[in-house]
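Subject: Structure handover

Dear colleague,

I am passing on the structure we spoke about, with the sequence alongside, and would ask you to open both before reading on. My notes on what was found in it follow below.

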Amino acid sequence: MITVHHLDNSRSQRILWMLEELGLPYEIVRYRRDADTQLAPASLKRVHPLGKAPVLTDGNVTMAESGAIIDYLAQNYGRESLLPAAGTPAYRDYVYWLHYAEGSLMPPLLVRYIFDQIQAAPMPFFVRLIVNRLVAQVNRRFLDNQLYSHLDFVADHLACHEWFAGPAFSAADIQMSFPLEVAMARANAADSYPRLKSYVDSLQARPAYQKALAAGGPYCYGPESSPVD
Ligand SMILES: N[C@@H](CCC(=O)N[C@@H](CS)C(=O)NCC(=O)O)C(=O)O
């Protein structure tokens, strides 16, 4: 039996969705973030030393890293549906976007989140003035450029492709969903990038996405309550 070690409001939602798309039976072991630190509980370290979600177990296989898990599921259970044929341009695109999601798109979103958290922390008035100035400088000189050049790049791809890898929905779309959802919610990108917004809307409307949501519980990645780390 496949088990998903699932942390609330996290990337493990993607794995539940992948399993629903594949129509595979699975069980969920739930972990709750600490209310103050938003970190995963120490018990997750018993499953994998880093204690980060998602972790998937399948018989004697234990896997972490959402991209690796999605590829494992696609290679072992999804050949016909969610994985483009090996050796094709679509397969190369699949590999590219699978790595790009966590390797290139998530880092600037995470830095943005960390600076948002720093700004939101309680601090004396004079310290806040300095912090706000520092954050504004980092955003202007470094982060905005990084983030928006990535979002431009992704939006350009989706302007002439319906999906990320080839002519059909694939596991690459599942992997790309999380950073794009976060970008829509946290980087105020929805108005500036209508194609990204309509793409994310189309993913969220899929019946398997909705089933995974019901199985995983409330999932929120907006500025109010949800962490992206
Ligand atoms: N690149 C990893 C990131 C794993 C990760 O940072 N997971 C977050 C949840 S989205 C986590 O476990 N955060 C809680 C913690 O760091 O304690 C992946 O894609 O699986």
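Predicted model: local features only at pLDDT ≥ 70, side-chain atom pairs only at ≥ 80, totals over all residues.

Just after α1 comes G23, which takes a positive phi of about 70 degrees.

Overall fold

The chain holds seven helices and four strands, and, read from the N terminus, its elements follow the order β-α-β-β-β-α-α-α-α-α-α. Its radius of gyration is 18 Å, close to the 17 Å that the globule rule gives for 229 residues, so the chain is as compact as a globular protein of that length. The C-alpha trace spans about 60 × 45 × 25 Å along its principal axes, and 35% of the 229 residues count as buried. Among the contacts with a separation of 6 or more, 67% are between residues 24 or more positions apart.

The domain assignment divides the chain into domain 1 (2-83) and domain 2 (89-206), and the centres of the two, taken over C-alpha atoms, are separated by 22 Å. Twelve residues from domain 1 and eleven residues from domain 2 take part in the contact. On the side of domain 1 that touches domain 2, α1 and α2 each supply at least two residues, and the largest share, five residues, comes from α2. Sorted by class, this side of domain 1 has six nonpolar, three polar and three charged residues.

The nonpolar core

The largest nonpolar core has 50 residues, of which W97, A171 and L196 touch the most other members. Each of β1 (2-7), α1 (12-22), β3 (55-58), α2 (66-77), α3 (89-120), α4 (125-160), α5 (171-186) and α6 (194-204) supplies at least two residues of this core. Where does the core lie relative to domain 1 and domain 2? Both domains give residues to it, so the core lies between them. In soluble globular proteins, nonpolar side chains tend to be buried together.

Around the ligand

There are 13 residues around the ligand, and those that come nearest are S10, L39, A40, K52 and S66. By class, this shell is made up of five nonpolar, three polar and five charged residues.

Finally, R30 lies in strand β2, which covers residues 26-31. Is R30 buried or exposed? R30 counts as exposed, because it has 12 C-beta neighbours inside 10 Å, and 12 or fewer is the cut-off for that class. Between R30 and V47 there are 12 Å in space, C-alpha to C-alpha, while the two are 17 residues apart in sequence.

With best wishes

Definitions and conventions
Residues numbered from 1 in each chain as written. Core = buried A, V, L, I, M, F, W, Y, C linked by C-beta atoms within 7 Å. Buried ≥ 20, exposed ≤ 12 C-beta atoms within 10 Å, placed from the backbone. Domains from an automatic or database assignment. Contact = placed C-beta atoms within 7 Å. Nonpolar A, V, L, I, M, F, W, Y, C, P; charged D, E, K, R; others polar. Near = placed C-beta within 6 Å. Rg over C-alpha atoms; globule rule 2.2 N^0.38 Å.
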